Amino acid sequence: MHKRLHSFLQQHSILHQYQFGFRKNHSTIMALIELTDSLYLHIDNRDSIIGMYFDLQKAFDTVNHDILLCKLQKYGIRGIVLDWFRDYLHNRKQFVSVGDIESDLGMISCGVPQGSVLGPLLFLIYVNDICNIGPECNVRLFADDTNVFVFGKTMSDVFLKSNTIVAELNNWFIANKLSLNVDKTCYSVFGNRSDDGCLSNVVKLNDISLTKVDSCKYLGVIIDSELTWKMHIDYVYSKLLKFTSIFYKLRYKVSPPILRMLYFAFVHSQLLYGIEIYGSAARSHLNKLIILNNKILRIIQNKPIQYCVSDLYKNYKTLAIPELYKLQILCLVHKYLYCNCNLPDVFANYFSLNNDFHQYLTRSSSHLHLLRVNTSYGSRCIKFKASQLWNTIPEELKLINKLNSFKNHLKSHLFNDIKY
């Protein structure tokens, strides 16, 4: 049934294009890339931006069955199949078991069956129409994570739009019997803030002012209002710092292959997550993380301080943070050019070739087209940065159509850039 329902939703493009949760080829990283690029480009255009982060209380457990069935019918799921879903949802019971003691059976009157293959998909259908509340409301979702980013030329205009959207969203939550946690709902201000000091510039819900924050953790990455990524880098640094003493003790107790495995499990994985986002930060912010990673590799491999840094990475067949950043975003371009169907719909036309704009036979006609940017924010946009990097790699690399092969050859090419 999951396969049939998912196929039906895909065939008719029913799911909201900015819903990245529980969908094949849609990941937290793709959601973050799309969002941060949008922020960079709007700031580059000197727009004012408010990002609002909504917190729903027990969203999966409070789905109303009657409303869900009504929505299924509106989307075209009718007759015997709708009856099947009605029977699937109703008359479900649960109990708690601790040791040999079991509670009485309790009826489940709401919520999607969690732990089931259908539960996440049914929830996506339940919240899908949230995108229809208004033309100014560009809702970005990751399952129940609900976020709205409002753009405009002045802060006053953006605050006015934001208050309207908050009211409309709250009406939608009430109509769908979902509960908004006002205490944990907050907002950040980005971009042009020329009239941010005005007392009327606040975001309210039912006369309660929402909390304004300078940073917010979104899908595992801390987004600060200046988009410096310093707070996220400090967060990753603090998580990895403890491994210096741990590996000092472990290197005499476990074999080198086990140490290598532990590095990739606990250190490299932390560095890799979100590197497409924070990897564009200023070198002054990244340096502390680069130096810490060098130190951990030196400890694990039991090498002296004079040992060549590039060899530390070559021994483990991995890359330093700046080169790892290049690798990840160039792999995104490769997927776009050679396997576009494996990217979310919002990335369908993300990059363009020069020959899409002109028919002249020049050496750069097959290069990716560079966006015209006005500020350093625009130049940090992946749309721009990835195109710029792709145009500089050797032509023989660009012709490799298999992703794994491309990744291996590109990694070898990037090894030469590790000089610190």
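A charge sits over a ring if NZ of Lys or CZ of Arg is within 6 Å of the ring centre and within 35 degrees of the ring normal. This report concerns a predicted model, and two placements of this kind are listed below.

| Charged residue | Ring | Distance from ring centre |
|---|---|---|
| Lys-288 | Tyr-237 | 4.4 Å |
| Arg-260 | Tyr-316 | 5.5 Å |

The charged end of Lys-288 sits over the ring of Tyr-237, and Arg-260 lies over the face of Tyr-316.

**Aromatic pairs**

A pair of aromatic rings is described by the distance of the centres and the angle of the planes. Across the whole structure, a search finds 19 aromatic pairs. One of them joins Trp-84 and Tyr-88, whose ring centres are 5.4 Å apart with 10° between the planes, a stacked arrangement. Both residues belong to helix α4, which covers residues 79–89, and they are four residues apart, about one turn of the helix. Are Trp-84 and Tyr-88 buried or partly exposed? Trp-84 counts as partly exposed because its relative accessibility is 37%. Tyr-88 has a relative accessibility of 19% and therefore counts as buried, since the cut-off for buried is under 20%. Elsewhere, one aromatic cluster is formed by Tyr-336, Phe-347, Tyr-350 and Phe-351.

Strands of a sheet pair through backbone hydrogen bonds, either parallel or antiparallel. In this model, five strands make an open sheet with mixed pairing, in the order β7-β8-β1-β10-β13. Which strands stand at the edges? They are β7 (139–142) and β13 (211–212); each has a single partner strand, so one side of each is left without a neighbour in the sheet. Strand β7 pairs with β8 (residues 145–152) in the antiparallel sense, over four bridges. Within this pairing, Leu-141 stands opposite Thr-146 in β8. Helix α6 (residues 155–175) packs on the sheet and touches β1 (48–54), β8 and β10 (186–191). The direction of helix α6 makes about 25° with that of β1.

**The hairpin of β14 and β15**

Strand β14 (residues 215–218) and strand β15 pair in the antiparallel sense over four bridges. Cys-216 stands opposite Ile-223 in β15. Two residues lie between the strands of this hairpin, and Leu-219 takes a positive phi near 55° there. Strand β15 covers residues 221–224: Val-221 and Ile-223 point one way from the strand, while Ile-222 and Asp-224 point the other way. All four of these residues are buried, Asp-224 included.

Definitions and conventions. Residues numbered from 1 in each chain as written. Predicted model: local features only at pLDDT ≥ 70, side-chain atom pairs only at ≥ 80, totals over all residues. Heavy atoms only, no water. Phe/Tyr/Trp six-rings, centres within 6.5 Å; stacked < 30°, edge-to-face > 60°. Buried < 20%, exposed > 50% of the residue type's maximum accessible area, 1.4 Å probe, protein only. Pairing = 2+ DSSP bridges. Contact = heavy atoms within 4.5 Å. Axes fitted to C-alpha atoms, helices over the stretch in contact; angles between N-to-C directions.
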